[in-house]
Amino acid sequence: MSISLTELVGSDESGQGALPDALPVLPLRDSVPFPNMITPLAVGLERSITLVNDALAGSRMLVMVASRDPEVEEPEADGVYEIGVAGTVARMLKVPDGTLRILVQGAQRVRLTKFTSSDPYLVAEIEELPDVVKPSAELEGLARNVQSTFSEIIEEVPYLPEELQLAVANIDDPAELAHMIAGSLRIKTEEKQELLEQRDLAKRLRRLSEYLARERELISIGSRIQTQVQSEMEKGQREYFLRQQLKAIQEELGEVDEQAAETDELRERIVAAGLPEHALKQAERELARFERLPPQSAEHGVIRTYLEWIVDLPWRASTPDDIDLRKAKRVLDRDHYDMDRIKDRILEHLAVQLLQPESSASILCFVGPPGVGKTSLGKSIAAATGRGFQRISVGGVRDESEIRGHRRTYVGALPGTILRALRDAGSNNPVLMIDELDKMGADFRGDPSSAMLEVLDPEQNGSFRDHYLDLPFDLSRVMFITTANELERIPGPLRDRMEVIQLAGYTQEEKLQIAKRYLVKRQISRAGLDPKKVVFTDPGLALLIDGYTREAGVRNLEREIGSVCRKIARRQAETGRASQRKIGPKQVGALLGRRRFLSEEVDQRTRQAGVATGLAWTPVGGDVLFIEASAYPGEGRLQVTGQLGDVMKESAQAAMSYVRGNLGKLGRDVDGDWFAENDVHIHVPAGAIPKDGPSAGVAMATALSSLVTGRPARSDTAMTGEITLTGKVLPIGGLKEKSLAAQRAGVKRVIAPKLNRRDLDEIPGHLLEDMTFVWVDGIDTAIREALVDA
């Protein structure tokens with residue numbers, strides 16, 4: 001909006017002197033300047049800021065012209081109108097965001113006759129275009145009419161201040177009156193430009209009078225509609241009032257009624273959706289019901305929501321597959337370190353899709369501890385195939401309707417998570433990741449894992465029927481990927497429909513490489529640090545891995561790296577200097593405090609006889625267990641503590657029976673009446689954590705043998721294996737996870753069942769180089785290898 005020159009308090013520059021031959025040109029977006037008015041402007045473009053600064057350094061003069069297309073930020077010579085207003089920059093204020101706020105004191109109307117420069121901004125030669133004024137009674141009458149009409153409009157519309165009415169009443173000059181009113185009205189830019197270009201004052205006032213009459217008529221129509229609606233409205237019925245107001249507007253505009261317009265809109269969307277035949281019949285049937293129902297009916301909104309869901313689903317929309325195995329391998333190698341066997345299986349899966357697109361591909365299930373990259377693998381597969389990616393989590397889901405949807409008879413019913421994910425994906429062939437599949441529950445509302453059978457079965461999901469839609473939807477083109485922490489918790493029939501890919505934890509070397517390639521860069525970027533000035537050394541990262549985290553994945557490692565980066569960012573923000581920082585072991589200790597885990601723990605705890613180091617598998621990766629045995633006078637009874645499960649208690653009983661029955665094999669110094677005179681207590685620390693499984697049998701037998709013979713177990717050795725009463729050592733599962741746990745604990749030697757030798761190919765080569773495996777098939781051999789020499 002422009003304001004009059006007479007309102008600029010303290011301005012001592014009239015801007016009415018002789019104009020130079022050429023001036024810089026400042027294009028205006030959605031704004032038209034007028035002569036003898038003050039125009040406030042916000043200047044943000046680099047070119048315009050340069051123009052204003054050069055003007056302030058010189059004569060302070062420039063030409064304001066309106067842009068023909070407001071969408072063009074930096075118009076050229078042909079993108080601005082020929083006629084504008086010369087003016088002087090009266091005030092300028094710099095804003096912290098780098099933009100300028102200026103007041104330009106308008107002077108004469110000018111024509112741009114010739115552009116002389118366009119770099120760094122437009123410069124044009126100008127000629128003055130004074131008003132053509134022929135004093136007459138008609139001119140005075142037009143001025144009074146415009147003045148009175150504008151005063152009426154000010155009283156009716158809220159965007160014009162009341163002070164403007166007084167200002168208009170005090171203007172005697174018809175030209176200045178026309179400029180002020182034209183600059184205040186909310187009319188189109190083209191109409192304002194037409195008023196500016198009209199030099200004949202009488203014609204300009206007549207045109208302005210027409211615009212004012214139109215505005216007054218629109219205001220009158222609005223008031224009439226308001227009055228009509230209010231006369232039909234009962235007190236307190238706001239909803240009814242809004243509906244009647246809309247109805248009155250439609251009658252004034254000659255439009256159809258709301259119900260018909262809504263029905264036509266839905267019909268157009270149904271036609272445009274390209275529905276399959278069975279969905280189209282259902283949609284047309286529901287639309288016919290919708291058309292007959294009054295808007296006040298409760299069923300009205302239910303049917304509309306149902307129809308919107310039908311047309312929003314991607315029945316035929318799909319993303320073209322962009323399967324390039326070389327590109328897919330590059331993406332997988334870029335996003336994930338090592339994991340060669342898993343990458344090969346994913347590439348085989350994609351190769352089948354490439355050669356036989358219509359085949360029902362197997363459904364992949366990634367099983368492993370948290371933080372090993374299950375979800376990120378799904379994202380990489382989506383990036384490698386060019387498909388959309390959607391993720392849903394079913395952890396804690398106990399209601400079957402969360403998968404299949406609620407029937408429409410229920411209030412607030414919606415489709416299930418599967419169809420909602422497809423609607424969000426916008427295609428019928430996205431990569432759909434179903435997380436936490438092993439954490440679904442079941443109660444009186446149904447079994448969601450049974451509902452998931454239809455989703456994940458390639459023989460059934462071609463006609464998946466959601467309870468809400470009650471229409472078959474083809475899920476066969478969706479690439480399903482599921483994740484879980486524990487395979488045993490997934491029901492057998494559901495597990496049978498998927499191909500399981502195990503993701504064990506990472507070795508120390510793999511964690512170091514992942515941290516260097518991915519985690520450090522990401523956390524430095526998130527902390528706003530300069531990657532050239534913050535460098536993590538290998539020893540520093542090794543200390544973070546070994547001394548501050550004990551996990552199968554790298555989630556906590558990334559958290560600790562982020563903590564280091566945040567502390568550096570805080571110091572940098574406090575000092576205001578970004579100095580070079582090299583993060584080694586000393587700096588890690590200073591920033592994070594004392595280390596949380598000690599690799600010497602095994603050595604310290606196994607110095608005493610009666611303690612053995614066992615290896616266990618957990619849902620979050622392998623772990624180290626210390627089996628402690630103690631004796632006190634008694635009659636050979638056994639007590640077991642540590643919140644152990646039934647299977648583990650039976651392993652303790654088996655170990656006790658074997659050692660008691662084979663005392664002669666343990667050494668010549670063992671008293672044959674030892675168990676008759678002593679009770680034994682076996683304890684597994686960390687008693688707050690439930691423990692179970694058969695693989696602790698060897699460790700329990702070793703702990704008992706160590707107690708009886710007085711020979712401590714070797715501090716560099718951990719063991720795993722199930723035992724029998726006849727002295728056999730049976731194979732166990734999770735050897736890779738247990739080996740990784742041994743490495744994290746600083747153990748260099750692992751005693752394992754001989755039949756598990758075949759699992760060596762799953763263990764990384766660099767781990768095999770640092771660790772010795774002792775393969776045993778009998779308890780005697782295991783005990784001999786585990787205890788120090790007498």
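Modeller: K329 and D333 form a salt bridge, their closest N and O atoms being 3.0 Å apart; the term means a side-chain nitrogen of Lys or Arg within 4 Å of a carboxyl oxygen of Asp or Glu. K329 and D333 are four residues apart in helix α11 (residues 325-335), so about one helical turn separates them. Helices (H or I, at least four residues) and strands (E, at least two) are DSSP runs, numbered from the N terminus. K329 is partly exposed at a relative accessible area of 41%, and D333 is partly exposed at 34%. Here buried means under 20% relative accessible area, exposed over 50%, and partly exposed in between (1.4 Å probe, protein chains only).

This is a predicted model, in which local features need pLDDT of at least 70, side-chain atom pairs count only at pLDDT 80 or more, and totals for chains, interfaces and linings use all residues. Residues are numbered from 1 along each chain as its sequence is written, and side-chain values use heavy atoms, with hydrogens and water left out.

R497 and D457 also meet through their side chains in a salt bridge, at 3.1 Å from N to O. This pair links distant parts of the chain, 40 residues apart: R497 lies in the loop between α17 (492-495) and β14 (498-502), and D457 in the loop between α16 (448-456) and β11 (464-465). D457 is buried at 10% relative accessibility, whereas R497 is partly exposed at 25%.

R465 pairs with D470, with 3.4 Å between the closest N and O atoms. Salt bridges with shared partners also join E262, E265, R269, R304, E308 and D312 into one network. The whole structure holds 45 salt bridges.
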